[in-house]
Amino acid sequence: MKAKLTFVSLLIILFFTACKSAPKKTILTTQNLSLIEVEQMVANSMKPEDFLLKLGSPSEKFVENEAEIWIYYDPKTDAQRLNLTFDKSKSLKSVSWIPSYNEPESQLANVLARYPRVKFKPIDTRRAGHDVLSTETVYSDKESMSIFHSDATPRVEAIGWYKKSADSKLSQTKNELPVK
């Protein structure tokens, strides 16, 4: 048992050392990108070239399962802020917004109140694995939007919009947009 704990401790130290020594990432060129702007992008189902004009080049860009994924980092904290996924036809497939700790959207009650027409249902994703306990609950309408909530912190880790099928738009209805 003691050897197992030592091994896990070593892995954790290696992980944090690797994170600290990772090369500096480029960050969002738009200094004050807001959730409202992200919601407008979702509503307009922008193309990659539109995002490049609005946000500049992504901090990271890679291909996974025929999808191109772009990641943008916050200019103040260098933390991950916005993820975009495009399908092979360059259509916007999903958007994830990661709220900062000090934003109202980092609190679950505020996000649920922001989207009153979306019928979110909690999907308990707590899983116990070998030396791991996940404490995240996903709230989803199973159609086009999800909220990823950390039960441990407690805070909203991400707000996501996605296409359910290849022929649907990212935002088929205006239900995903907040009521003003």
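Let me start with one lysine. Lys163 has a relative accessibility of 13%, so it counts as buried. Keep in mind that this is a predicted model. What does Lys163 pair with? Its salt-bridge partner is Asp87, and the closest N and O atoms are 3.4 Å apart. Lys163 sits in the segment after S10, and Asp87 sits in the loop between S3 and S4, so the pair ties together parts that are 76 residues apart in sequence. Is Asp87 buried or exposed? At 18% relative accessibility, Asp87 counts as buried, because the cut-off is under 20%.

Now the other salt bridges. How many are there? The count comes to 9. Take Glu66 and Lys88. They form one, with the closest N and O atoms 3.3 Å apart. Glu66 is in the loop between S1 and S2, Lys88 is in the loop between S3 and S4, and 22 residues separate them. Here the accessibility reads another way. Glu66 is exposed, at a relative accessible area of 55%. Lys88 is exposed too, at 66%.

Glu37 forms a salt bridge with Lys54, and their closest N and O atoms are 3.1 Å apart. Glu37 belongs to helix H2 and Lys54 to helix H3, 17 residues apart. Lys54 is partly exposed, with a relative accessible area of 36%.

On to the strands. S1 covers residues 60-64. It runs antiparallel to S2, and 5 bridges join the two. Glu60 faces Ile71 of S2 across that pairing. S1 and S2 make a hairpin with 2 residues between the strands, and there Asn65 takes a positive phi near 50°.

Now S9, which covers residues 145-150. What does it pair with? On one hand, S8, residues 136-140, runs antiparallel to S9 through 5 bridges. Ser140 stands opposite Ser146 in that pairing. The S8 and S9 hairpin has 4 residues between its strands, and Lys142 in the turn has a positive phi of about 60°. On the other hand, 6 bridges join S9 to S10, again antiparallel. Phe148 stands opposite Ala158 of S10. S9 and S10 also form a hairpin with 4 residues between them.

Why is S9 called largely enclosed by the rest of the structure? Because 5 of its 6 residues are buried. His149 is in this strand. At 9% relative accessibility, His149 counts as buried. Its side chain makes a polar contact with the side chain of Asp151, at 3.1 Å.

Last stop, the core. In soluble globular proteins, nonpolar side chains tend to be buried together. In this model, the largest nonpolar core has 27 residues. Which of them touch the most other members? Phe51, Leu82, Leu84 and Trp161. Several elements give two or more residues to this core, among them helix H3, strand S3, S9 and strand S10. The largest share, 4 residues, comes from H2. Now look at Leu82 by itself.

Lys163 and Asp87 are a buried pair, Glu66 and Lys88 are an exposed one, and S9 pairs with S8 and with S10.

Technical notes: Residues numbered from 1 in each chain as written. Predicted model: local features only at pLDDT ≥ 70, side-chain atom pairs only at ≥ 80, totals over all residues. Heavy atoms only, no water. Buried < 20%, exposed > 50% of the residue type's maximum accessible area, 1.4 Å probe, protein only. Polar contact = N/O pair within 3.5 Å; in protein donor to acceptor, adjacent residues only side chain to side chain. Core = buried A, V, L, I, M, F, W, Y, C linked by side-chain atoms within 4.5 Å. Pairing = 2+ DSSP bridges. Salt bridge = Lys/Arg side-chain N within 4 Å of Asp/Glu carboxyl O.
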